[in-house]
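Hi everyone, thanks for making the time.

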There are 2 protein chains.
Amino acid sequence: MKIDGKRLKDDIETNAEFGALDVDGHGRTVLTGTEANRQAREYFVERLEDAGLEVRVDAVGNIVGRWTPESADPNANPVAAGSHLDSVPEGGIFDGPLGVYSALEAVRAMQDAGVEPSRPVEVVSFTEEEGQRFADGLLGSSVAVGERSLEDVLELRDGQTTLEEALETMGFRGEGRIDASEWDSWLELHIEQSERLERAELAVGVVTTITGITHCHVDVVGEANHAGATPMPERIDALVAASEFVQDVERGANEVGETTVGTVGKLNVRPNATNVVPGAVEMGVDIRDVSYDAMNELVSLARESLSRLEAERGVETRFLREFDVEPIEMSERCRQAAHDAGDDSDIELLDLHSGAAHDTMNIAKVTDTTMLFAQSRDGISHNPAEWTEWEDCASATQVLAGALSSLAN
Amino acid sequence: MKIDGKRLKDDIETNAEFGALDVDGHGRTVLTGTEANRQAREYFVERLEDAGLEVRVDAVGNIVGRWTPESADPNANPVAAGSHLDSVPEGGIFDGPLGVYSALEAVRAMQDAGVEPSRPVEVVSFTEEEGQRFADGLLGSSVAVGERSLEDVLELRDGQTTLEEALETMGFRGEGRIDASEWDSWLELHIEQSERLERAELAVGVVTTITGITHCHVDVVGEANHAGATPMPERIDALVAASEFVQDVERGANEVGETTVGTVGKLNVRPNATNVVPGAVEMGVDIRDVSYDAMNELVSLARESLSRLEAERGVETRFLREFDVEPIEMSERCRQAAHDAGDDSDIELLDLHSGAAHDTMNIAKVTDTTMLFAQSRDGISHNPAEWTEWEDCASATQVLAGALSSLAN
């Protein structure tokens, strides 16, 4: 069985035209419910139908194409693979579409090679993975695993528009709910978005764990004052205190472990005028690790930093752990299927973890999963400079096809 | 000679009604060219005329009332005093108006006591000291000393409106230019805006020096990246680097000298999202001291900090000293007149410097000046909580009247 790299490239390039940006590199903006999103969805449905797959669209706009060959028991739990077609604003052309079209290409390769699976195979595109318009992200998959109710999700709003209206406008407000717990297993191919494969000079990786994510909201309150008339010893400068916290988060992440990352990504100063001693600072902190204990350790260090700043600098602080997802292990069975597929095709695979969130974080709660990563240039993503060599796309898709084929066997 | 504290209080309280805010404390918003500004100006002109002063308004809206008693040579260089009537948004009722109405009250007290000065005495209100609408501040006084040309200043814009149009709308676009270099001397009474008088338990201070001010614009450029997928050692985090700079500015200000202050008052992060490693930070830095050498020393320390961050953290930095005013000494003659007036009235005076900018910074370039400070509660200013006890207003005005009287003798 051999996948067709040209066919895959054509699909990804055609998909890249929807919402394409006139900028250097290869950029696109495809937000849920936009004309670009409608075009991308309609082209995907056409391609599924061209390959003879049976298409369903659920109430939240998730799209599934099912291949049920004669060899398969139509009542067996299907094996599924896919990703998403939406993008961040000014995103790249691989993040999402590579996973969707590689899954379709895997099915076409199985068809061409006369593979006779015993289970149906499903090719999936989830709605609003990037969370840029109606939700925080992983929207379609959260409904597919029953974490969020259809009713709640359809009422999510972007200004005056509900998600339901946006889906209806595109003609993609279907019926019912695609239920991921019915899948025997799930695979998602994605670009790596970091540089470990590049450094290892390998095209394809297998994900062992997806890190947990904690988002913390931190307030540091001091005393706004005249920058000229307030001597240094009389100040309670919220920004000087906050800048110690930023350092402490970095130091803590370096100390806790090799896979620990801690980021103060957002920081707003009030009143934010050059001639006023800062009175208050709010920050957004992102903490991730493959170990939940390590995440908790860094959260503790961050809290200790704030206590110290209260004592030493007289500021008041607030710490809110407002979002928290534990790390999740990928299934041994799925990882082995990927490694076997690599061996069959002479493609060496690197075991690595995912520091980014993906729909697979949700699916892993209800069935066996893993992810495949394709090398991405300089680790750049969410950017028109995002790039993965076509031959690496093909290698990763070859591994995906082999793994799907053996899981569906 | 005794000033009338009740008359002064009435004027300041009436003036406080123009642009008054319905908030706790005593707040007002009086921006150049607004209805509140027109009312404040008209009331001031009425009060000048009630006291028999001859009123002139120049092309930039500076208002001067001249008292030329029979004892005075009308061609002698006048002695002048005053301040401003505009405020910051949601400012207090003393910052500016105390200096304007205390000058008027000083003249009225001299009139009541039959003082016979040999020079005319002028009571002045400068346009847009706070720089909240058309300029950066000290606007009217910069024209009065010839630093800015009338032509340029009248074309300053707030959106579609020029300063000239704003002045015409209020009926305060006068003719010519009030020339501060013709004044024999100039005094400005202002609230202290810090806590040195409060700590010394004294009502009135005499300013020895007004600090210089440097504003620097700093850019720190790193690499925006995925907060989950980018391991700590691979980051070039602009915010972590900038937070070291914030610490270095504080440390430097503490080291350079007791009167040195350094403030990073403004800090903006790009892209400023919790889950993205900060790619760039821009900062606004305020540096002041009574010694220009000390200011330059702190500027050097700030530049060294950036060089170190470039070497140690791989960021790129830019440093622009975009605004720079040297410290300016107050005149010995004017300070002595203030001290003599204090002695005459049994009011003990504290010598102190001004860390804040005032119109007197400009006037001091062309004639002899000093400032008087009145104690302000907790040093709070630019805020409806700004407060100065009425008896302290009266004491400071008594000193002002005595000093004006002796300078005009």
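Let's start at A:Trp387, which touches A:Ser376 and A:Arg377, leaving aside residues up to four places away in sequence. By contact I mean that the C-beta atoms of two residues, placed from the backbone, lie within 7 Å. Before I go on, this is a predicted model, where local features need pLDDT of at least 70, side-chain atom pairs count only at pLDDT 80 or more, and totals for chains, interfaces and linings use all residues. Residues are numbered from 1 along each chain as its sequence is written, while chains are lettered from A and ligands numbered from 1 in the order in which they are written.

Back to A:Trp387, in the loop between strand 17 (368–374) and helix 12 (390–407) of chain A. Helices (H or I, at least four residues) and strands (E, at least two) are DSSP runs, numbered from the N terminus. Is A:Trp387 buried or exposed? It counts as buried, because it has 20 C-beta neighbours inside 10 Å. The cut-offs are 20 or more other C-beta atoms within 10 Å for buried, 12 or fewer for exposed, and partly exposed in between, with C-beta atoms placed from the backbone.

Now zoom out to the domains of chain A. The assignment, which is automatic or from a database, gives domain 1 (5–210 + 327–407) and domain 2 (212–325). Taken over C-alpha atoms, their centres in chain A are 36 Å apart. Six residues from domain 1 of chain A and ten residues from domain 2 of chain A make the contact.

Next, please find helix 9 (residues 292–313) of chain A. At 1.5 Å a residue, its 22 residues should span 32 Å, and the end C-alpha atoms are 31 Å apart, which agrees. The expected span here is 1.5 Å times one less than the number of residues. Which residues of helix 9 of chain A are buried? They are A:Ala294, A:Met295, A:Leu298, A:Ala302, A:Ser305, A:Leu306 and A:Leu309. These cover an arc of only 130 degrees around the axis, so they sit on the same side of helix 9 of chain A. The arc is taken from the directions from the helix axis to the C-beta atoms. On the other side of helix 9 of chain A, the exposed residues are A:Asp293, A:Ser300, A:Glu304, A:Ser307 and A:Ala311. Covering the buried residues are elements of chain A including helix 8 (238–256) and strand 14 (316–325). Just after helix 9 of chain A comes A:Gly314, with a positive phi of about 75 degrees.

Finally, let's bring in the second chain. A rotation of 180 degrees, with 0.0 Å of shift along its axis, superposes chain B on chain A with an RMSD of 0.0 Å. That is the relation of a two-fold axis. The superposition is by least squares on the C-alpha atoms of residues with pLDDT of at least 70 in both copies. B:Ser243 is the residue of chain B that comes closest to the rotation axis, at 2.3 Å (C-alpha).

How many residues of chain B are in contact with chain A? There are 46, and they meet 46 residues of chain A. Helix 8 of chain B gives the largest share of that side, nine residues. The same surface serves both copies, as 100% of the contact residues of chain B recur in chain A.
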